[in-house]
Amino acid sequence: MSRCLYCFTPYAFPLSWESLFNLHTDNGLCEECSEKLEEINGDICEMCGRPFSLFPEQYRQENTCNDCVRWESDIVWTGILAGNRSLYVYNPFMQEMLSKYKYRGDAELAKVFYNTARKMYKKEFQKHILVPIPLSEERHLERGFNQSLLIAEGMGPVHNVLIRTSHEQKQSKKNRAERMNMENKPFEAVEDVSGKKVLLIDDVYTTGSTIRQAAKTLRDAGASSVSSLTLAR
Amino acid sequence: MNFFDETSPDRINETLMRFLYGRILLREELPFSDEELRDSAAVRSAGVLRVNGRFVCNRCENNEQQLFASFSCFRCKRESCHYCRHCIMMGRVSECSELFEASSEHETWPVHNSSLSWEGTLSPWQAKGSEAILDAIDKKGELLIWAVCGAGKTEILFRGIEKALTLGERICIATPRTDVVLELAPRIKDVFPEVKVSALYGGSEEKDCPGQIIISTTHQLYRFKQAFNTVIVDEVDAFPYSYEQTLQNAVKKAARTNALFIYLTATPDKKLKKRAETGKLQHVKIPRRFHGRPLPVPKFKSSWNWHKELKKGKLPKPILNWLRTLQETDRSGFLFIPSIKLLETFLPSIQNIFPSAESVHSEDPNRKEKVLRFRNKEIKLLVTTTILERGVTVPKLDVAVLGAEEDIFTESALVQIAGRAGRKADDTNGSVTFFHHVKSEAMNRAVRQINLMNKEGGK
Ligand SMILES: [Zn+2]
Ligand SMILES: [Zn+2]
Ligand SMILES: [Zn+2]
Ligand SMILES: [Zn+2]
């Protein structure tokens with residue numbers, strides 16, 4: 001009998017047709033917790049991977065969402081990020097899960113995402129090297145681990161190409177102009193990535209600006225393309 | 001040395017020790033500098049210990065190896081720094097964490113003579129419970145108060161707490177639910193106006209030294225060590241499965257040596273019952289409600305194939321009749337069903353004939369608001385899963401369970417559900433109906449239990 005990674009309830013993996021044919025990806029969660037996770041699939045913004053089913057039709061322009069259209073129409077950012085894919089909807093359960101993982105520091109919860117992340121990696125991002133979004137020294141010490149690095153390590157060999165140049169400020173506290181501004185670069189590349197395809201790993205895609213800042217730094221360091229994978233969107 | 005200098009080392013040490021007495025806290029939880037901590041008499045220890053090759057959490061005393069995990073730690077640079085997952089919600093305790101504590105040996109609390117300011121009177125049964133507690137305050141040890149739902153257990157505690165305060169003792173009331181902490185704290189503050197009372201729960205802002213009376217969720221007890229002369233554990237049978245043993249340890253750890261433990265419950269589990277019945281655990285039964293009327297006895301009503309009918313989108317006939325009857329009265333209704341899923345499929349057909357019906361379940365973000373509207377009689381019928389079985393009291397209430405034979409409705413859940421009806425002195429006759437496809441053993445036992453209490457209370 002193993003215990004659910006999230007709620008600790010002992011559970012037996014149900015022997016169903018799905019599990020016999022291994023259609024179900026094991027995430028270490030009991031059935032109840034598993035059901036609360038909403039996997040993103042179906043009709044999504046081809047740029048940022050957000051599911052169209054979850055927001056009003058008027059924010060959509062063909063296969064892209066308005067946010068992405070805006071990013072792409074800014075010459076500084078055109079083509080910087082090849083695309084983002086996220087595993088799960090950032091619903092209340094996912095918020096709770098990620099807050100327990102990041103802020104309470106329950107590193108073990110990274111395992112919930114290993115199999116799904118690996119699957120996505122294999123399917124969509126072959127031949128990409130894995131680069132996690134770094135934390136500042138200060139934040140890293142406070143937390144004891146980097147949540148994005150831990151996820152990346154579960155997927156394959158990691159390249160710690162990026163470092164933070166300054167203590168991260170909450171993206172949500174900046175306005176859009178500040179977020180789109182490239183003046184004070186938050187990241188620096190410490191390795192040459194010339195001609196490489198990079199897959200950035202982060203926990204949540206919210207405004208997309210952290211990931212684009214990192215992508216820009218990597219493109220400047222020679223990367224031929226930069227995509228990203230996040231746990232939640 | 002200037003005695004009045006707030007910044008003198010002795011003064012700081014005293015403030016620090018006051019802050020720490022009876023507690024065990026992480027470095028991050030102490031608002032003092034490293035120097036101040038170093039110069040103080042606080043005792044420090046590692047967060048996670050290895051005893052005979054097994055990990056033990058030094059804060060919550062969890063020793064179940066499955067609930068320890070490790071990560072490559074940026075702080076201590078260990079490849080695998082182990083931490084306790086059991087008490088993670090209160091901040092991570094890992095091998096490189098430092099815990100600080102201060103022995104409460106030299107700690108004193110004010111002596112309060114006649115601190116109770118309460119004008120109410122106790123029912124004869126309540127008085128019996130109150131006497132037992134007064135007695136136990138002297139003797140210490142353990143005491144089980146087995147009180148039916150609606151017995152008025154808070155008032156039973158007043159005199160005992162008052163007596164403990166005359167001895168300069170420190171008291172904790174621990175309960176599994178935050179709702180209860182929020183409800184109880186103002187009442188206790190009210191009747192003990194001169195005593196410092198603190199309410200502790202996940203997210204409560206208590207940066208100060210906690211008071212002489214602590215009302216706390218059981219989890220917050222992990223942060224206490226040898227603090228209390230009396231620990232009152234409310235709803236002792238309500239702990240989630242995985243926490244049972246560790247919470248018991250936490251309760252023991254939070255108490256001083258030679259302390260008194262009082263357990264309150266309407267539905268003791270098998271273990272407690274056995275210990276009480278074989279005389280190993282001192283106990284007192286309060287079989288009557290404070291208003292003196294017996295408990296409503298559940299009626300069984302067959303609802304053959306209720307499951308299939310619901311699947312077809314039909315309301316079973318017996319339920320339909322119950323709903324119609326309720327509609328014609330000025331009473332409120334509580335309808336319990338076995339799962340959230342059923343709740344969702346079932347609600348529309350109820351709302352068809354009962355537009356003011358609402359549903360609520362444990363993960364409902366509007367739970368608080370709906371319960372309030374139900375109390376205010378804006379919602380006449382609340383359809384719910386078992387989460388509301390404890391705590392919610394509404395006047396003029398009828399209660400029904402659909403699918404009472406389902407596993408989720410254990411004996412104690414059914415006793416608690418039945419205990420919602422007839423609580424107010426001006427309406428003691430609320431009805432309780434168990435609709436079922438087949439009868440379960442739990443249903444029979446619940447009714448037997450209620451009848452037994454009524455018989456004992458009739459003496
Ligand atoms: Zn679970
Ligand atoms: Zn988009
Ligand atoms: Zn622990
Ligand atoms: Zn460490």
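**Exercise 1.** Determine which domains of chain B each give at least three residues to the lining of the largest cavity.

*Solution.* The lining of the largest cavity takes at least three residues from each of domain 2 (124-286) and domain 3 (299-457) of chain B. These bounds come from an automatic or database domain assignment. The model is predicted: local features need pLDDT of at least 70, side-chain atom pairs count only at pLDDT 80 or more, and totals for chains, interfaces and linings use all residues. Residues are numbered from 1 along each chain as its sequence is written.

A cavity is a set of points, on a 1 Å grid over the protein atoms alone, where a 1.4 Å probe fits but cannot get out; lining residues have an atom within 4 Å of a point. The lining of the largest cavity comprises 13 residues, and B:Val148, B:Cys149, B:Leu295, B:Val415 and B:Ile450 lie nearest its centre.

**Exercise 2.** State how the lining of the largest cavity divides into nonpolar, polar and charged residues.

*Solution.* Ala, Val, Leu, Ile, Met, Phe, Trp, Tyr, Cys and Pro count as nonpolar, Asp, Glu, Lys and Arg as charged, and the others, Gly among them, as polar. On this basis, the lining has 10 nonpolar, 2 polar and 1 charged.

**Exercise 3.** Explain why the second largest cavity lies between domain 1 and domain 2 of chain B.

*Solution.* First, the lining residues are identified; among them are B:Arg18, B:Phe19, B:Arg170 and B:Cys209. Next, domain 1 (9-101) and domain 2 (124-286) of chain B both contribute to this lining, so the second largest cavity lies between them. Finally, by class, its lining has 5 nonpolar, no polar and 4 charged residues.

Definitions and conventions: Chains are lettered from A and ligands numbered from 1 in the order in which they are written. Side-chain values use heavy atoms; hydrogens and water are left out. On a 1 Å grid over the protein atoms alone, a cavity is a set of points where a 1.4 Å probe fits but cannot get out, and a pocket is an open set with protein on both sides within 12 Å along at least five of seven lines; lining residues have an atom within 4 Å of a point.
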